[in-house]
Structures are given as C-alpha cells and as structure tokens.
Amino acid sequence: MERSPMKQTVNVDSFLRATKVKRAPKVQYDHEQIKDVLLRLRKFIGTRRVILKPRFQDFDVYNRGKVSRSQFSQCLDKIFDFTESELNMLVSNYYEEHSGLCNYLKFIEDVDNDELNTQGNRSVHAEFEFTRSKAMSTPEEEFQKLDPDLQSLIFEIRSQVSQHRIRLRQFFTDHDKLRHGEITPNKFKAGLDMANIHLTKTQLKLLEDNLMVKKSDGLELVRYVDFCDYVDLVFTEPKLEKQPTKQLFPFLSRPRFTLKYHKVELPEDKAEQLERIYKDLAETVNARHVLLKPYFQDYDPLRKERVTQTQFASVLDMLHLNLNQQSVKLLADRYMDERRDVDYVSLCKDL
C-alpha cells in the first residue's frame with residue numbers, strides 16, 4: 001500500500017453486507033425433490049417445535065447469514081435424520097461459490113415458504129419471527145388496524161370492563177394450561193360468560209371471525225391474547241418503561257355532550273315556574289344540609305357527570321324534596337344533553 005497510497009480498499013461492513021446477498025447456486029437439482037425434503041423437514045420442526053435459526057447462528061460469528069459447508073451439514077444432521085444424498089443435495093443447493101459459504105437464511109426462508117404448506121399455517125421459526133415483529137408494535141397501533149365494526153364492539157366491551165373492573169385474561173387462561181394464547185371457540189364463549197360479558201350471536205361471530213386461526217390439523221382456535229391486549233388498554237398501556245414521559249388519559253366510555261342551553265327556549269310562564277323551583281329546592285337543601293351530588297354519583301360509577309332521566313327522578317324522590325312530577329320533568333328538560341341524559345353537576349352548581 002505504501003507504493004499505491006491512492007488505492008481504494010474495500011470497507012469491511014460493505015464486504016459483509018455484500019456476502020448476505022442471496023445468489024442461486026450453479027448446480028441445479030430437481031425442484032420437486034428439494035421441495036419434498038423441505039416439506040418433510042417443515043412438518044418435523046412443526047411437530048417438535050424446533051427453531052432453526054439459533055442453531056446456525058452459533059457458527060455465524062460475524063452475523064453474515066452464512067456458514068461453511070461442514071457447519072451447515074453438521075446443523076442439518078442434528079436437526080433431522082437426512083440420508084447422505086439428501087444432505088449433500090441441500091448443502092450443494094445452498095452453497096454460494098462467490099462467498100464459499102452456505103446461505104442458511106435462504107434455507108430457512110425456503111422452509112417457511114407458504115407454497116410448501118397448503119393449509120397456510122406458519123412454521124415454528126415463522127411464528128417466532130411473526131411474534132417478534134408484532135412485539136415491536138403496540139396494542140393500540142394494532143387496534144387501529146382492525147375493522148371499524150370490530151373496534152366499536154371492543155369499545156363497548158371496554159366500557160363494561162372499566163365499569164366492573166374485570167380482568168378478562170384470567171377467565172381465558174384457565175382453559176389454556178400451556179399458555180399458547182389460543183383456545184377453542186366454545187371455551188372462548190364460556191370465558192366471556194364467566195366474566196359477565198354477554199354478547200349477541202352476531203357480535204360473538206364477529207369476534208371469532210377476526211381472532212380465528214387455523215392450525216395444520218384443521219383445528220380452529222381463537223387467539224384470546226390479542227383480544228385481551230386490546231381490551232386491557234382501558235387500564236394502562238404496555239411498555240411504558242420505554243416511554244417514561246408519555247402522558248396517559250383516563251378511559252371515557254363515551255364522549256361528553258354539551259347541554260342544550262342555547263336550543264331549549266322555555267316560555268315565560270315555565271321560566272318563572274323554574275325560578276320558583278330553584279328557590280324552593282335551594283332552601284330545602286340548605287335547611288336539611290343535603291349534598292345532592294353523592295346521591296347522583298351512585299348511579300354514575302364512570303363519573304360521566306350524567307344520569308338518565310329515570311335515575312334523576314329516582315334520586316329526587318328518594319330525598320323527599322317535595323317536588324311533583326311536573327317540576328321534576330321541567331328540571332330534567334333544563335339540564336338535558338344531546339343524548340337525553342341529565343347533567344346533575346350543573347344542577348348542583350346552580351343550587
């Protein structure tokens with residue numbers, strides 16, 4: 001180099017990246033014969049729950065995605081009982097003359113190829129990679145990708161879970177002894193019933209259709225772990241240790257609506273009657289030292305600051321405030337919102 005100081009040398013990182021390029025081998029074997037061997041291997045690792053990649057990575061010190069012929073052959077021999085001809089065929093098929101190594105990433109990719117599986121289930125390695133990639137996204141991001149009808153249904157279930165403080169996951173794990181995260185549809189329905197989450201047949205079918213997975217033996221299971229991840233967002237968000245400055249907001253079962261002060265125009269006689277009701281009600285409450293708000297909050301566990309018209313009339317009747325049915329209706333109409341619920345907080349403030 002001292003005689004040619006201007007000569008450009010190859011960067012190590014560039015060389016390592018170049019060796020990862022997947023190149024087809026020069027020697028071509030019968031495609032159907034290779035496919036048959038890979039299919040047998042796929043069924044075997046699916047039954048034994050074998051993950052291929054870590055076995056090759058033990059020999060791949062520089063993380064190039066390639067190992068020597070002897071190392072590749074040694075790994076294959078430990079994984080499955082190949083014949084000598086099958087072993088030589090696989091080694092030759094994934095050997096790259098340019099690098100002098102066998103490309104095990106291409107081998108794993110071919111094993112996970114969907115064309116090898118007519119039933120569409122992933123192998124163990126593909127499932128492992130899918131789970132790892134899914135772990136990079138948050139449940140909220142996955143929730144936003146769901147069908148709008150399914151989002152609306154899960155939002156309703158969140159409201160019930162938040163109101164009754166239900167931990168759904170524990171009702172499903174009783175049916176999943178090995179913690180696979182999947183149970184049969186009947187057990188999924190039983191878990192919902194035990195948690196007092198009552199759904200119609202249409203709603204239950206919508207959940208099952210979006211959470212259903214089909215196994216290699218034709219068995220259909222429901223992934224309850226994904227469902228629980230979506231619902232548990234009502235309590236908190238996962239992976240907050242990676243986002244310590246993120247601000248969380250309390251779950252609201254439905255948005256709050258403004259009162260119809262500008263829409264409800266009372267006649268002059270009703271306005272005078274309402275003023276008399278205010279005056280009499282305020283005197284009664286002050287004389288008896290009654291706190292109205294806690295009585296309304298008994299019907300408002302989610303603190304929406306709203307109660308139904310029936311609940312509003314029930315509280316006033318229980319407190320014996322000497323209000324007739326017409327007065328109660330006039331008060332309810334005055335504080336009614338767009339959902340025809342009564343804003344009891346504004347009433348308490350006015351009194």
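Predicted model: local features only at pLDDT ≥ 70, side-chain atom pairs only at ≥ 80, totals over all residues.
Among contacts in the protein chain (heavy atoms within 4.5 Å) between residues at least 6 apart in sequence, 69% join residues at least 24 apart. Residues are numbered from 1 along each chain as its sequence is written, and side-chain values use heavy atoms, with hydrogens and water left out.

The chain has 351 residues, of which 36% count as buried, meaning under 20% relative accessible area, with exposed being over 50% and partly exposed in between, for a 1.4 Å probe and protein chains only. Its secondary structure comes to 18 helices and six strands, taken as DSSP runs numbered from the N terminus, with helices being H or I of at least four residues and strands E of at least two.

Let me turn to the rings. A search of the whole structure finds 14 aromatic pairs, where rings of Phe, Tyr and Trp (its six-membered ring) pair if their centres lie within 6.5 Å, and planes under 30 degrees apart count as stacked, over 60 as edge-to-face and the rest as tilted. Phe 72 and Tyr 94 have ring centres 6.3 Å apart and planes at 45°, so this pair is tilted. The two residues are 22 apart in the chain, with Phe 72 in helix α4 (residues 69-79) and Tyr 94 in the loop between α5 (84-93) and β2 (95-96), and both Phe 72 and Tyr 94 are buried. A second tilted pair is formed by Phe 172 and Tyr 224, at 5.6 Å centre to centre and 35° between the planes; it links helix α10 (residues 169-173), which holds Phe 172, to helix α13 (residues 224-231), which holds Tyr 224, across 52 residues. Phe 172 counts as buried because its relative accessibility is 0%, and Tyr 224 counts as buried at 2%. Ring pairs also link Phe 56, Phe 72, Tyr 94, Tyr 104 and Phe 107 into a cluster.

Arg 69 lies over the face of Tyr 95 at 4.6 Å from the ring centre, and Arg 167 lies over the face of Phe 235 at 4.1 Å.

Now the strands, which pair if DSSP finds at least two bridges between them. An open sheet of three strands has the order β1-β3-β2, with antiparallel pairing.

Elsewhere, β4 and β6 run antiparallel and are joined by two bridges, with Glu 182 opposite Arg 223 in β6. Strand β5 (residues 212-214) also pairs with β6 in the antiparallel sense, over three bridges, and here Met 212 stands opposite Val 222.

I will finish with helix α11 (residues 185-194), whose buried residues are Phe 188, Gly 191 and Leu 192. Seen down the axis of α11, these fall within an arc of 100°, so they line one face of the helix, the arc being that of the directions from the helix axis to the C-beta atoms. The elements covering them include α10, β4 (182-183), α12 (201-211), β6 (220-223) and α13.

Definitions and conventions:
Lys NZ or Arg CZ within 6 Å of the ring centre and 35° of its normal.
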